[in-house]
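Here is a colleague's note on the model shown below. Please read each point with the structure open beside it.

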Amino acid sequence: MTASRLSPPARVLITKIGLDGHDRGSRIVAAYLRDAGMEVIYTPPWQSIAAVVKLAMEEDVDVIGVSSLATDHLIVPKLMEALRDAGLGHLGVVVGGIIPEDERPALLQAGVSAIHGPGSSREQIVEHVAALAAAVREIKNAELREIVP
Amino acid sequence: MTKEAVQLSLPEFEQAHGRWRADYGRQIGSDRVIRNRSGIEIAPLYTPRDRNGNGFLEKVGFPGQYPFTRGIYPTMHRGRTWTQRQLIGLGTPQDYNKRVRLVLDAGGTAISLLPCNSGFRGVDCDEVDPVLLGTCGTVVNTADHMDEALDSVPLGRISTAMNDPSPFTLLAFLLVVAKRRGVPWTAITGTSNQSDYLSHFIANHMFYRLSLPGARRVLVDHVEFCRKHVPNWNPVSVVGQHMQQAGATPVETMAFTLSTALQYAQDCIDRGMDIDVVLQRFTFFFDISISFFEEVAKFRAGRRIWARLARERLGAKDSRSWRFKFHGQTSGVDLTEQQPLNNIARVTVQAIAGIVSGLQSLHTDAYDEAITTPTEETARIAVATQNILREEAHLCDVIDPLGGSYYVETLTDQMEYEMEALIAKIDEAGGMYKAAEAGLIQSMIGQSALAFQEKVDNGEEKIVGVNCYQSQEEAHRARATERPDLDRMMAHVARFKAYKEERSQADVRRALDALARAANDAHENVYAPVVEAAEAGVTHGEIVSCLRAELGFGHPLVAV
C-alpha cells in the first residue's frame, strides 16, 4: 500500500454532485484513501456544485473526488468551471464510477485529472490521488512562497 | 424420511462416508476453506447426516402450508408462473409510454414505473439541471404526466407498480388518472415499491425525502388509506434490495428486512389496525445475487422465519397473513461494465436462482444495466431471458425443485440460524427503527461492503472480466450512450411551467393548506389530502416540499 507521504497529509474531498445517491463506491474509496494516510472529507450525496466549491475552499483540500453512478458526471464540467471561477482551478479533480466511454473525453477536456471506472484497483486509485495531491501541494506552496517570501 | 433415518444407522453408510472422506482428503491435496458471501463455511459434500432429518413437517413441509419453506401457494409456478414485471424509467412520459408498450408486446405481464432522480430527490423537473432529467427514470410530476405515461395501458387489468417513496405521490397521480378514466380504485392492483423508508435511510440514498418520524407516520397513514380505499394495492414493500446492493450479505439482508417488516407491522398494530388486514398486503422486494445456492437458501429461510414471526410474534391468525410474497430483481452490482454481454449469462443465473426459490414476480436486468439506462434492444433481451426460462427450461414443472437437497436444506437451516441471531440483535437494540437511527445497521453494511471489495481486490472473489479473464477488446464500450433528447425534455419542462401558471391557484392553495393542516394533526390521515392535492393539480415537488416543511426534511446518516 502506498501511503500518502505528504506532510501534513493530503486532504481529499469525496463527494457526489447532482441527483444520484448510489454511494457504495464513494464510501469504499473514502476508506481506501483514509487507510492510506490521507485526510478525507466525506459528504453525503446530492451536493450542489456551489456547496462543493465552498467546502473545498473551507477545508483547503488538495483533491476532489466526484463519484457518479447515474449520469451526474454530465454536470462535472460545470463543477470545473465553478472551481476555476472561485480561484480553485489548481485543485485536482478525479471522477469515479460509471462513466460511459463516449462521455469520457468531455470530462478530461474540462480538466478532470483521471476517471477511475469499475475495475480500478485500490493501488491505482491511491497512487494516483497521492501523486495528484503532491502536485497540487507544490502549486499551493509555490503560491504561498510568493505571498510570504 | 424413515428410509433415510434407517440408512444413517447402517454401518455401510458410515463405512462409505469414511471411505469418501479418506479419498477426498488424499486427492484434493491442500483444500481451502470456502465461505459463502454470508460467511458460512461450505463443505465439499452434504449427506443426510448434515441435517437432522427429523422435523420434516416443521422445517420443510409442503407448499402452501406453514411454514411455507417450499413456497407460499400449493401450486406455485405450475399453477401460475411469476409476474414478469420489468422496471422501466426513462425520458418524458411519452418515452415511457413507448417503452412500456414495447415491453408488454414482448411478453411483460405487469409494469413498474421508475421516476427520474429529480423525483426521488423530491423536486420537480423545473428545479434541476435539465441535462440530468430523464436519464435514469421518467419525469412524472403531475397527474397529467401519469396519464400520458400510462396512455392506453388498461388500468385495473394490468398491475402497475410504482417506485414511489413516501409520500407516495405517484400512486396519488395514478388514482387521479383511474378516476378520470372511470376505473374504480378497488380494481387498481400493484405495489408501492419504495415504501420502505428505513431501507432508504439506511442504504439507498436515492430516495430519502422526509424526516424519519415523518416518514414513519406517513407510511402508516398510507397503509390505512390503501386498505380502506384501494384494497387490492400493496401499500408496503419491504426492501432488502437496497441493503444488499449497498453491501449487506444475503444473511444480513434477510435479517434486516424481516426486522424492518416487524417494525412496520408493529407500527400498524400500534395504530389500532387489525394485523391480519395489514399483513395480507405486505410484500417484499429482494436482490438476487449470483451466489446461487446462497440465494435459494436465503429465500427459503426467509419464508420460514417470516411465517413464524407473523403467526407467533405478531399474532396473525389468517394463514394468508403468513405468506412471504416477494418480488426479485437480478442484482445490478454483480454486473460488470467490462465485457457487458457477459451480463446476459449472469442475469440468467440470478433469475434461475430466484425462480427456483419460488418468487412471485421478477425483474431481469438488461445487460447494459451497469453502464446506462437500457436501450430497446437490451430491454427486449432482458424480457426474452424470462420468456426462455419460463417456456423452454422446464423450471416451472416442479415446486421447490432444490428442496430436499442435502446442501440446500442444510444451508437453509444454517442461514436461518444466523438470520435469527441478527434479528435478536436488532430486537435488543429496540427494533429496526431505533437500530437504523443509531447507525447500527449502516455500520454493519459498510463493513460487509468493504470486506467484499477486499476479497475482489485480493482475488478471493473472482469476477470475470474484472479481476480475471480481462480483455482489451471492448469495442462495444464505444457505443454512443443513449440520453433523452434534450430539446424534447426542455419542451416538457416548458409545458410543465406553463401548466403551473394556468391551473387554478386557489385550488392549489386550498389543497396545500389542507395537506399542511393534516400533517400537523396526528389524528388525521395525511395521505388522503395527498391524493386530493394531486387531483387539484398540485405537483410532486409541491406536495413533498409541503410535507418536508411540516414533518421535517430527511437527511441520511452516512457512515464511512
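1. B:T92 counts as buried because it has 26 C-beta neighbours inside 10 Å. The cut-offs: buried means 20 or more other C-beta atoms within 10 Å of the residue's own, exposed means 12 or fewer, and partly exposed lies in between, with C-beta atoms placed from the backbone. This is a predicted model, in which local features need pLDDT of at least 70 and side-chain atom pairs count only at pLDDT 80 or more, while totals for chains, interfaces and linings use all residues. Residues are numbered from 1 along each chain as its sequence is written, and chains are lettered from A and ligands numbered from 1 in the order in which they are written.

2. Where does B:T92 sit? Its place is the loop between β3 and α5 (93-106) of chain B. Helices (H or I, at least four residues) and strands (E, at least two) are DSSP runs, numbered from the N terminus. Leaving out residues up to four places away in sequence, B:T92 touches B:G134, B:V139, B:R488, B:M489 and B:H492. Contact means C-beta atoms, placed from the backbone, within 7 Å. B:T138 is 46 residues from B:T92 in sequence, yet their C-alpha atoms are 5.6 Å apart.

3. Now the sheet in chain B. Seven strands form an open sheet with parallel pairing, in the order β5-β4-β3-β11-β10-β9-β8. Strands pair if DSSP finds at least two bridges between them. β5 (160-162) and β8 (236-239) of chain B stand at the edges with a single partner strand each, so one side of each lacks a neighbour in the sheet. Neighbouring strands are turned by 25 degrees against each other on average, direction ignored. Within the sheet, β3 (83-88) and β11 (361-363) of chain B pair over two bridges. B:Q84 stands opposite B:L362.

4. Chain A has an open sheet too. Its five strands pair in parallel, in the order β2-β1-β3-β4-β5. β2 and β5 (114-116) of chain A are at the edges, each with a single partner strand, so one side of each has no neighbour in the sheet. The twist averages 25 degrees from one strand to the next. Six bridges join β3(A) to β4(A). There, A:S67 stands opposite A:G96.

5. Look at strand β2(A), residues 39-42. Its covered face holds A:V40 and A:Y42, and its uncovered face A:E39 and A:I41. In a regular strand the side chains alternate between the two faces of the sheet. Four bridges join β1(A) (residues 11-15) to β2(A). A:L13 has A:I41 as its bridge partner.

6. A:V76, A:L79, A:M80 and A:L83 are buried. Seen down the axis of α3(A), the buried residues fall within an arc of 100 degrees, so they line one face of the helix. That arc is taken from the directions from the helix axis to the C-beta atoms. What covers them includes α2 (49-58), β3 (63-68), β4 (92-97) and α4 (104-109) of chain A. Just after α3(A), A:G87 takes a positive phi of about 80 degrees.

7. How many residues of chain A are in contact with chain B? The count is 29 residues of chain A, against 33 residues of chain B. Helix α1(A) (residues 24-35) gives the largest share of chain A's side, five residues.

Technical notes
Two residues are in contact if their C-beta atoms, placed from the backbone, lie within 7 Å. Axes are lines fitted to C-alpha atoms, for helices over the stretch in contact, and angles run from 0 to 180 degrees between N-to-C directions.
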